[in-house]
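Please look over the structure shown here, with attention to how its side chains pair with one another. The report below takes up charged pairs and then aromatic rings.

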Amino acid sequence: MSPLEIEDFLKLIKNTDIEEMKYKNGDNSLYFKKTDVESVVTKDTTFAKNVSQKIEETKEPAIIAIKSTMVGTFVSSQGNDKLPYVKEGDIITTGQKVGQIEAMKIIKDVLSSVEGKVIKILVSNGQSVEYGQQLFLLEQPKQAK
């Protein structure tokens, strides 16, 4: 698949229910998981270099949303007398727990899929959330040239 074909394909499925996909054709493979960060895995090094170069040319910080993965009640801390997992201004890392969602006595951790600075918390403790609802806005650091 050429980079243009990949770009066209991603545009086509952007607003679908497809969450994750693997594609393999000969020595080339493509894997993506629908989050706010697109990742491309390929053996075509020239394409990978072009993607890296475009990322490095980014001058403005990216604003990324952490979204709810299920319907339920948002929990911002381990207990009423405990500090919240994160607060505005915190720097978080990939995989860091930023909250929990509880539904029918099932508790699922909300983990950050990216690293960055929390610039806005969009939900409060005990608030009902929907699937795909934005919970946090993160500012990713500017890329260094």
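Asp-90 has a relative accessibility of 21% and therefore counts as partly exposed, a class that lies between buried (under 20% relative accessible area) and exposed (over 50%), with a 1.4 Å probe and protein chains only. This is a predicted model, in which local features need pLDDT of at least 70 and side-chain atom pairs count only at pLDDT 80 or more, while totals for chains, interfaces and linings use all residues. Residues are numbered from 1 along each chain as its sequence is written, and side-chain values use heavy atoms, with hydrogens and water left out.

A salt bridge here is a side-chain nitrogen of Lys or Arg within 4 Å of a carboxyl oxygen of Asp or Glu, and by this rule there are two salt bridges.

| Salt bridge | N to O distance |
|---|---|
| Asp-90 and Lys-87 | 3.4 Å |
| Asp-109 and Lys-97 | 3.4 Å |

Asp-109 is partly exposed at 34% relative accessibility, and Lys-97 is partly exposed at 26%.

The whole structure holds one aromatic pair, where rings of Phe, Tyr and Trp (its six-membered ring) pair if their centres lie within 6.5 Å, and planes under 30 degrees apart count as stacked, over 60 as edge-to-face and the rest as tilted. The ring centres of Phe-74 and Phe-136 are 5.9 Å apart with planes at 65 degrees, so this pair is edge-to-face. Because Phe-74 lies in strand S4 (residues 72–75) and Phe-136 in strand S10 (residues 134–139), the pair ties together parts 62 residues apart in sequence. Phe-74 is buried at 1% relative accessibility, and Phe-136 is buried with a relative accessible area of 2%.

Definitions and conventions. Helices (H or I, at least four residues) and strands (E, at least two) are DSSP runs, numbered from the N terminus.
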